[in-house]
Amino acid sequence: MIGTLLAKDLRRAGRNPLPWLVYLIIPLCITAMLGLTFGNRSEKNLLGQVRFALVDEDQSRLTQLLSRALGHGFTNESLTVVSLDRAAAEREIRASHLGGAVVIPPHFTRDYFLSNQPVSLELIKNPAQSIHPAVLEEAGGMVVAVLNALDRNFQADFTEWRTLIAAPVEAAQAARLFKETGTKLKTFGQYLDPPLVSYDRSQAPASTAKSGPAFNLFAYLLAGMAGMFLLFEAVNGMSDLQQELRLRTFARYQTLHAQTLPFLAGKMVFTVVLLVLCAAIMLGGGALVFHIHWQQPLVLAGLVLSYAGFGAALMAVLVALMPDERQGNVLSTIAAMGLGLAGGCAFPAEQLPVFFREHITCHLPSYWFVNTVRQLQAGGGDGLWQLVILKLLLITGVLTVLASVLFRRRFQLGGQG
Amino acid sequence: MGLLSIEQLTKSFGPVRAVEAVSFKVQAGEIYGLLGPNGAGKTTTISMIAGLLKPDGGDVMIAGNSIRSHAQQAKAIMGVVPQELAIYPELSGRENLEFWGRMAGLSAADARVRTRELLEALTLTDRAKDAVSTYSGGMKRRINLGCALLHRPQLLLLDEPTVGIDPQARQNILDFIRGLRAKGTAILYTTHYLEEAESLCQRIGIIDHGQLLAEGTLAELQERLGGDRVFVLEADFSGARPETWGAFQQHFRTIKLTERQLVVAAVGTREPAACLQELLALPMRVENITLKRPSLNDVFLQLTGKDLRE
């Protein structure tokens, strides 16, 4: 009987696929938008190439040397630096061709070597980008730290260096300066290599057995999106039950059978089948489009299956509780959204308020699902997924029986539609 | 004992008593009409018989099986045609019939064969592959009827199966139902159309406000009016008091009295001419008198004091 019910429902869904497709496409679009906002989709270089301009307003010998060295630009796998004037750099930033620009202000070299007043570099960040300007700022911080270190350790040599940079000097004088500075650097290097304090990098035993999976932003996002949108699909699937009530086909079924459970189970199986198909398209399609390598696919399938069961059973209970179709759909959608948001589907659960994190989120099936998928993806989750699947299946069973009892009660009281 | 036997069936929704101590029987090969206005309790009665509603009191026996204690056995020999179109509009007529056949317990092959037979009997073969949503109202009604017949039920419950369709389509359905009766199916037919009940049903129960007011054959119900003739008088009856009209109340039973109309039935077996003479002698200027055979509506009028068509 379940097979006949399933075939009927699949046929009906096939003739009106739009509601299903909408909830299928939305998470993929959101993942793509978020993923592309936060970085390039190259597998080797997840951060993408940081592109910025160097604007030399100092025009000192040293900075001119740097600008000339850059010429038409410097490019490697993760960095592109071009030398531009301020106007051109701002134009390129507005066109979002650059992540930012580092401006060396007038008299920077002179003031730095004189050490008579604080100097500063100017950083222009591209407000339309988030990650690359942040990386540029961090790199700028490192450059400032190095310049400060040099200032503290080579103060005595700075006068000669400033003379050397300001005007041509004899080669012998320049050679002496290079040699003395080199000797100091060499001596200084003895304090750094070997360092006085060092650390050893070790790996946790669990991760030594596996090839440590790299963090993939798309996988992280898509797991959350799947957690939320599978619930929306469950709303969609079980709203079909509301339609059966309205069409009186559920009532007609009851004129043939004493039990409501088989019909309810059939609708739940239908919803689960479609949720699993949707998950396969969402996660499988995501893997192809965003180059995600899902860890432990079989475990992931088990999690999706049990989560789909939970979603279908929960929505069945909500349909049974709400006799009005429109109110029922609104309530189910709110419930799905609430579970998704409070369960950390839309953003990391760690970002939620403490009360939520400690008293609500950790008890939500949506959190169990999303958190486990993310942990699996990060190379962990062993020992967790079995418990999560078990809990999800248990809740599915309880909710199914509850929905059946609620429907029976509702029908006997005369609330068929 | 009838194939369907209802004893003291009662159902309330809060303070409203929707059905109150209704009892009747339907025999095999009989069409029993349950006639009443909207809200009389017909659908509630059928819902309890079909096992969709739990009665507050009384019982329903179908071929000796109580719907309370042996629901599955009772349902196995029953087909229900709800008032609403309980079919899937996205599926074709053939798919709907096959699906409900499978739900009724037929094998896939049997459901296919039976679907073919029914499509032919309901003259829907040429539209069998089209989605039901593209059907006319009459065709949808026929599919709705067919979906209850896949498993050849011994008892068929029809809840106003001809509502909202044109006279031609209605006639087709009524002919089909007569055919089922001829094959021995017991049929409970609810309607608020007098003509349908008069022309189709062997026995009729009149229901109003949840109570079965009278039942019997058409002739038996007509007999309740005291004869086979009804007189309809048109005049100005405002302020009229029949109790002051001499022996009028001994000779006639008032069915309906309004400002413009008086409907009466003659008591006993009196000659129509004598009755007419007596009515024309009433103390008012009678504009018109019509003599007719009593209809179900007259019976309903006499029982409830209101017109079924109101």
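1. On a 1 Å grid over the protein atoms alone, a cavity is a set of points where a 1.4 Å probe fits but cannot get out, a pocket is an open set with protein on both sides within 12 Å along at least five of seven lines, and lining residues have an atom within 4 Å of a point. The second largest cavity is lined by Arg252(A), Thr255(A), Leu256(A), Gly79(B), Val80(B), Cys147(B), Ala148(B) and His151(B). Its volume is about 40 Å³, a volume being the space filled by probe spheres set on grid points joined across faces, edges and corners. By class, this lining has 4 nonpolar, 3 polar and 1 charged residues (nonpolar: Ala, Val, Leu, Ile, Met, Phe, Trp, Tyr, Cys and Pro; charged: Asp, Glu, Lys and Arg; polar: the others, Gly among them).

2. The model is predicted, with local features needing pLDDT of at least 70 and side-chain atom pairs pLDDT 80 or more, while totals for chains, interfaces and linings use all residues. Residues are numbered from 1 along each chain as its sequence is written, chains are lettered from A and ligands numbered from 1 in the order in which they are written, and side-chain values use heavy atoms, without hydrogens and water.

3. The whole structure holds 3 cavities of 30 Å³ or more. The largest cavity has a volume of about 110 Å³; among its 15 lining residues, Arg248(A), Ser47(B), Leu52(B), Val80(B) and Pro82(B) are the closest to its centre. α1(B) contributes the most to this lining, with 4 residues (helices are DSSP runs of H or I of at least four residues, and strands runs of E of at least two, numbered from the N terminus). The lining of the largest cavity comprises 7 nonpolar, 4 polar and 4 charged residues.

4. Which helix gives the largest share of the lining of the largest pocket? Helix α6 (residues 131-153) of chain A does, with 10 residues. The lining of the largest pocket divides into 30 nonpolar, 5 polar and 3 charged residues.

5. Helix α1 (residues 2-15) and helix α12 (residues 261-290), both of chain A, pack at about 50° with axes 9 Å apart. Axes are lines fitted to C-alpha atoms, for helices over the stretch in contact (heavy atoms within 4.5 Å), and angles run from 0 to 180 degrees between N-to-C directions. α1(A) is therefore oblique to α12(A), since angles under 35 degrees count as roughly parallel, over 145 as roughly antiparallel, 65 to 115 as roughly perpendicular and the rest as oblique.
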